[in-house]
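I opened this notebook to record what I looked up in the structure. The entries follow below.

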Amino acid sequence: MSLPKEKLLRAYRQMKTIREFEERAHAEIMNGQIAGFTHLYTGQEANAVGVCEHLDNDDTIISTHRGHGHCIAKGADVIGMMKELFGSSEGLCKGKGGSMHVADMEKGILGANGIVAGGPPISVGAALAARIRKNGRVAVSFSGDGSVNQGTCFEAMNLAVVLKVPAVFVIENNYYSEHTNISYAVGCDDLKARTEGFGFPVFVADGADFFSVYEAAGKAIEHARAGNGPAGVFAETGRFHGHFVGDPQTYRAEGELDDLRENSCCLKNFRTTMQASGELSMEELDAIDAEVMTLIEESVSAAKAAARPTPEQVTEDVYINYSGQASA
Amino acid sequence: MSEKTMRDAINEALHQAMAADESVFVIGEDVAGCNGSQGEVGSVGGVFGVTSGLYKTFGPDRCIDTPISESAIVGAAAGAALVGMRPVAEIMFADFIGVCMDQIVNQMGKFRYMFGGKSKCPAVIRFASGGGFSAAGQHSQSMYQVMTSFPGLKVVIPSNAYDAKGLLLQAIRDDDPVLFFEPKALYQEACEVPDEMYTIPFGEAAFVREGDDVTVVAFGQMVNRAAAAIDALEAEGISCDLIDPRTSSPLDEAAILESVEATGRLIVVDESPPRCGLTADVAALAADKAFHALKAPVKQVCAPHSPTPFSPELEAAYIPSVEKIQTTIKELMAQSR
């Protein structure tokens with residue numbers, strides 16, 4: 001697959017930004033600078049970027065508890081996100097949501113989501129709006145292999161077919177729903193076939209390869225955008241960290257994490273592909289690496305210096321306008 | 001007898017209940033852990049470690065991992081209970097009640113009544129509840145106040161390791177469906193807990209402190225904070241009854257009313273928002289049945305009418321603090337007639 005140079009540079013920059021955002025977030029959590037429960041996307045970057053590179057600003061995504069990567073790939077402000085993780089009132093969600101609830105309506109990001117399979121039904125609604133308005137938009141829901149066993153996921157997939165809406169269900173299979181392997185948690189042998197049983201096509205991708213995801217997502221999004229109803233993308237991927245930061249990961253085989261980092265790294269794979277094709281030079285990619293590191297450093301400095309929320313802000317934004325008793 | 005954390009006390013209760021009764025089994029997400037993986041199955045024991053060791057001792061038929069499917073977990077527990085088993089299901093976070101509300105409320109909680117008293121459903125559903133972890137709006141709610149409003153469900157909220165063990169053993173023995181809320185901020189808190197099995201009856205409040213001036217009723221995570229506030233006020237000559245109802249359904253109305261009759265002042269403390277919550281419920285009880293005894297308005301100390309915020313500073317302002325409880329007690333003393 002041949003892509004314009006500008007697109008290649010952008011895709012690499014996005015993946016690298018997600019990687020370094022996550023690795024720095026990990027370090028800051030270990031330093032005690034970031035509170036709460038954080039689920040890192042490291043290792044899965046090609047999935048978010050391979051999908052979002054097909055989306056315009058006005059297309060929507062909805063994400064998961066492991067949402068940083070999707071939000072960055074859809075254009076969320078990295079500094080605003082880092083401030084949010086640090087709990088600042090200058091964060092994208094004013095410190096109200098934190099890691100699990102990063103959102104930016106202006107960018108078509110309908111939120112990371114703390115409830116497994118909370119997102120797919122909502123993306124059907126966004127897709128329904130697109131169908132009614134006939135504006136050519138698509139609504140993507142990202143979710144994981146854990147989500148496919150929730151009733152909400154089944155209901156959303158069926159409703160999307162019934163209503164023939166431009167919803168795209170991206171399922172990232174990182175093999176573990178928390179601490180349980182997909183081979184135990186999904187009862188059938190062929191999840192793709194089970195999903196296609198709802199009545200829409202599913203395109204399979206290698207989640208460690210940007211180009212593979214880009215191609216599969218392209219087909220799914222084109223199908224949905226053309227008015228043919230929903231479509232799915234299945235990507236096999238691996239997370240390089242635990243379910244949450246602090247997870248002892250007793251479910252891993254010996255050497256599994258090293259193997260993932262060595263052999264399933266989308267950044268390495270991207271470089272290898274570029275080296276072989278000659279489309280981008282290693283110097284060009286190195287320059288992006290340096291710029292990304294500067295941006296991440298800047299985001300952390302900004303987050304550390306950013307304003308802290310004050311107690312009065314607890315009851316702000318519960319409603320737009322509410323005349324009842326707003327606080328105890 | 002030895003000092004145990006609430007986590008270990010609950011874990012011990014589960015071990016003992018399962019050893020004593022073959023109809024007891026545990027089901028939920030990662031209650032064993034690592035199924036289907038290369039790791040050792042059973043090495044997780046729940047995301048908070050509460051079911052640790054059960055898989056090793058009782059095996060895969062009695063410590064059952066599930067997919068992430070909360071409705072099916074609760075429904076499976078309800079169905080097994082309806083035919084005579086005593087399941088203890090784990091829903092990881094109380095907030096996930098949102099996912100399985102129908103199975104709890106419309107199904108499990110109403111079987112007996114709708115079926116004319118001809119069924120029983122001795123299921124226990126355990127939840128990690130409450131704030132204190134900067135876990136934001138979908139992983140910090142108490143939810144027990146909502147569930148208390150549904151007739152047919154019993155609702156338990158332990159505030160310490162000793163009560164947790166005795167109440168859980170009672171819950172498992174109880175023939176009605178029981179929702180068991182474990183304030184996750186208390187998992188590491190320890191106290192003396194007997195090694196043997198014992199039960200604590202439902203609807204029997206604990207008097208955590210005894211005093212003359214103010215009745216303080218506190219639930220779950222708030223009991224320790226209320227105790228700290230009360231202890232600090234002793235030096236100022238203010239003494240309080242501190243009542244921990246331990247179960248919100250059934251509620252020990254008699255204990256609360258008896259205390260209010262004696263003190264004439266009531267403060268109710270909970271970490272949930274105020275509307276239709278436990279603080280309003282207990283305040284209404286006093287207004288209804290002890291109005292003549294009241295020397296001052298009944299005060300609710302609770303979270304504001306807002307979801308739980310993420311930022312640590314905001315969450316600290318959100319959950320009632322020792323200082324806030326203390327200030328409210330002093331204000332109440334000052335404005336009494």
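**Basis.** I worked from a predicted model, in which local features need pLDDT of at least 70, side-chain atom pairs count only at pLDDT 80 or more, and totals for chains, interfaces and linings use all residues. Residues are numbered from 1 along each chain as its sequence is written, and chains are lettered from A and ligands numbered from 1 in the order in which they are written.

**Chain B.** I looked up the secondary structure and found 12 helices and 14 strands in chain B (DSSP runs, H or I of at least four residues for helices, E of at least two for strands, numbered from the N terminus). I noted that the C-alpha atoms of chain B fill a box of roughly 65 × 45 × 40 Å along the principal axes.

**Helix pair in chain A.** I next looked up how helix H1 (residues 5-30) of chain A packs with helix H12 (residues 282-305) of chain A: the angle is about 40° and the axes are 9 Å apart (axes are lines fitted to C-alpha atoms over the stretch in contact, and angles run from 0 to 180 degrees between N-to-C directions). I recorded the crossing of H1(A) and H12(A) as right-handed (the near helix is turned clockwise from the far one by less than a right angle).
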